[in-house]
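Please look at the sequence and the structure shown below. The report that follows describes selected parts of the fold in turn.

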Amino acid sequence: LHVGTVVDARVEADRHAAIESNHTATHLLNRALRSTLGEHCDQRGSLVAPDRLRFDYAAREAASTEQLSDIERAVRADIAAGLVVDAAELPLEMAQGITGVRAIFGEQYPDPVRVVCVGAPVAELAATPDNAAWRKLSTEFCGGTHRADTIDIGDFILMQEQSVAAGI
């Protein structure tokens with residue numbers, strides 16, 4: 001491309017909506033993993049594609065079959081609840097002070113940072129950052145595209161869980 005080149009840019013609406021659904025579902029999965037496996041459960045990466053998502057995380061031990069069922073049920077319940085998905089930029093220090101906010105370990109974030117919350121407006125979190133209720137929500141630093149409401153995600157099914165042991 002060069003300055004002055006005429007281009008025709010289009011958004012593939014169906015593909016974009018599918019990516020939004022899977023990306024928002026990764027946030028719900030992160031919350032469900034943390035609430036089921038414990039606070040020590042940390043995201044290490046993810047893949048968001050139109051036809052699937054992959055969520056990489058570190059935990060003390062592999063999830064049991066019962067825990068995997070609980071995680072899937074929790075994500076599906078959040079979807080069915082029709083929770084609002086809100087995003088806003090906040091000063092980094094303020095955003096870091098919100099109870100329960102999640103960020104990827106080792107990642108560097110800009111100031112201001114974009115905060116995405118499923119279940120409450122980001123302005124409410126910023127107004128009362130120490131509210132213990134925020135820990136139950138999915139609140140993350142994220143620059144990605146999302147659905148406006150979890151009901152628009154559709155369905156969610158855990159297809160595979162794979163444990164990888166760290167080498168010594």
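P112 lies in the loop between α3 and β4, where helices (H or I, at least four residues) and strands (E, at least two) are DSSP runs, numbered from the N terminus. A cis peptide bond, with omega about 10°, joins D111 and P112. Most peptide bonds are trans, and most residues other than glycine have a negative phi. The model is a predicted one, in which local features need pLDDT of at least 70 and side-chain atom pairs count only at pLDDT 80 or more, while totals for chains, interfaces and linings use all residues. Residues are numbered from 1 along each chain as its sequence is written, and side-chain values use heavy atoms, with hydrogens and water left out.

The loop between α3 (92-96) and β4 (113-118) also holds T99. T99 is buried, with a relative accessible area of 15%. Here buried means under 20% relative accessible area, exposed means over 50%, and partly exposed lies in between (1.4 Å probe, protein chains only). Leaving aside its neighbours within four places in sequence, T99 is in contact with P129, D130, N131, A132, W134 and R135; contact means heavy atoms within 4.5 Å.

Helix α1 has 25 residues and reaches 36 Å from its first C-alpha to its last, close to the 36 Å expected at 1.5 Å a residue. The expected span of a helix is 1.5 Å times one less than its number of residues. Of the 25 residues of α1, 18 are buried, so the helix is largely enclosed by the rest of the structure. After α1 comes G38, whose phi is positive, near 120°.

Is R34 buried or exposed? With 5% relative accessibility, R34 counts as buried. The side chain of R34 reaches the backbone oxygen of R135 at 2.9 Å. This is a polar contact, that is, a pair of N or O atoms within 3.5 Å; within protein, one must be able to donate a hydrogen and the other to accept it, and residues adjacent in sequence count only if both atoms are side-chain atoms. Not counting residues up to four places away in sequence, R34 touches E39, C41, G100, R102, R135 and L137.

Helix α2 (residues 65-80) has 16 residues, and its first and last C-alpha atoms are 23 Å apart, close to the 22 Å expected at 1.5 Å a residue. The buried residues in α2 are I71, E72, A74, V75, D78 and I79. Seen down the axis of α2, these buried residues fall within an arc of 155°, so they line one face of the helix; the arc is that of the directions from the helix axis to the C-beta atoms. What covers the buried residues of α2 includes α1 (13-37). The face turned away from the buried side of α2 carries the exposed residues T65, E66, R73 and A80. Just after α2, G82 takes a positive phi of about 60°.

**The segment after β5**

D149 is found in the segment after β5, and leaving aside its neighbours within four places in sequence, D149 is in contact with G82, L83 and V85. A polar atom of the side chain of D149 lies 2.9 Å from the backbone nitrogen of I151. D152 has its place in the segment after β5 (138-141); apart from its neighbours within four places in sequence, D152 is in contact with S21 and R147. M159 lies in the segment after β5 as well. M159 is exposed, with a relative accessible area of 75%, whereas D152 counts as partly exposed at 39% and D149 is partly exposed at 23%.

| Pair | Apart in sequence | Apart in space |
|---|---|---|
| D149 and Q108 | 41 residues | 28 Å |
| D152 and A18 | 134 residues | 9.8 Å |
| M159 and E61 | 98 residues | 19 Å |

**The largest pocket**

The largest pocket has a volume of about 900 Å³. On a 1 Å grid over the protein atoms alone, a pocket is an open set of points where a 1.4 Å probe fits, with protein on both sides within 12 Å along at least five of seven lines, and lining residues have an atom within 4 Å of a point. Grid points are joined across faces, edges and corners, and a volume is the space filled by probe spheres set on the points. The largest pocket is lined by 32 residues, of which R54, F55, Q160, E161 and Q162 lie nearest its centre. The elements that give two or more residues to this lining are α1, β2 (53-58) and α2. The largest share of the lining, six residues, comes from β2.
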